[in-house]
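The stops below are given in the order in which to select them.

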Amino acid sequence: MATAGPRSFSAAEVRARCAQGACLVSCRRRLYDLSGFVRLHPGGEQLLRRRAGTDVSAALDGPPHRHSENARRWLEQYYVGDIEPGDEQSGLCFSPGAMPHYNPCVLPQDLVDWQKPLLWQVGYLGEKYDEWVHQPVDRPIRLFHSDFLEFLSKTAWYVVFMVWTPVVLYLSWVSYTSLAQGNTRLFASFTTEYSIPVHKYYFPFIFLLGMILWSLLEYLIHRFVFHMKPPASNYYLITLHFLLHGQHHKSPFDSSRLVFPPVPASLVIGFFYGVLRLLLPEVLGLSIFVGGLCGYVIYDMMHYYLHYGSPKKGTYLYGLKAYHVKHHFEHQKSGFGISTRFWDYPFQTLIPEETFKKED
């Protein structure tokens, strides 16, 4: 049975739909419905809506910023049909001179079966995995055959806040009251004569130190673990990479996979608590730990907001969102800071400023 060809739309029909609230744009007569994506647009919803009913071919390489190859592939997911011949000159389209090097008419055939769990498929991609995983798509991901394991691998953003905020508050109170007893001293296991007392007034600074150490740990894990390039011949390392972070780069707007689910997170958090208990006096280690745990909660909330929030143009969060989107779509080997760009400076992994052009 022959499949139907793409539908044709008149310029009048496109304008009518846009007037009703739809966000339709065209590129060389190809029409795209971005209504479901408009709120997530990195440049802001209003910027994208201003282009509704217009041709965006020039905008892909021009203002407000140059779009990456991945952004152009991303656009193809929303293809709904073609503009009727002759309507290109009706005011719907702009100059067709952009993107001479890119053919938007054909999407590459995917290498996996999206109707089946992906986790056990990606290891077979071999040398094709790294390129595949860094070509993002807008669709949900299923990892496991088991509904129970699948449930444990996903979570809503507010669950992280609801689970860990009470823990942070309780452990902060325990740390402060324990320090107030005046029994905590540094280096007491080596010498009593030169040991240093740790007063309760130091708690806010120790807490802040924990947050700073978390931000460094966040950077190091993101760069050296999440963005390792697994050997093409190693099925298990490819599978592990996809489980840890590759899934997020493949589907960056899967809302159920933007924060760390509490059950696996508790195992990792417990490990770091154990390390601090071994290295530092109990109360001091706990004080640093609770600061780091607070930093983690802020990080996860920030990460979700950078994907789903709509920060006001010109604000710090607006710039941070644009920075993080660049990391996903164009600069996967730099821009590892999420809650802050700070560590990208000393480690020289900052995304070049020239890749960001001033918006109209």
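Start with strand 3 and strand 4 (residues 79–83), which pair in the antiparallel sense over 3 bridges. Helices (H or I, at least four residues) and strands (E, at least two) are DSSP runs numbered from the N terminus, and two strands pair if DSSP finds at least two bridges between them. Select Arg30 next: Asp82 in strand 4 stands opposite.

This is a predicted model, in which local features need pLDDT of at least 70, side-chain atom pairs count only at pLDDT 80 or more, and totals for chains, interfaces and linings use all residues. Residues are numbered from 1 along each chain as its sequence is written, and side-chain values use heavy atoms, with hydrogens and water left out.

Now select residues 24–27, strand 2, which runs antiparallel to strand 3 (residues 30–33) and is joined to strand 3 by 4 bridges. Ser26 stands opposite Leu31 in strand 3. The hairpin of strand 2 and strand 3 has 2 residues between the strands, and Arg28 takes a positive phi near 55° there.

For the last stop, select Phe224, Val225, Leu240, Leu243 and Leu244, a nonpolar patch on the surface with about 400 Å² of accessible area together. Areas come from the Shrake-Rupley method with a 1.4 Å probe, and for residues only the protein chains shown count as cover. Helix 8 (203–226) and helix 9 (235–250) each supply at least two residues of the patch; helix 9 gives the most, with 3 residues.

Conventions: Patches are made of residues with over 30% relative accessible area and no salt bridge: like charges are joined within 9 Å, nonpolar side chains (Val, Leu, Ile, Met, Phe, Trp, Tyr) within 5 Å. A salt bridge is a side-chain nitrogen of Lys or Arg within 4 Å of a carboxyl oxygen of Asp or Glu.
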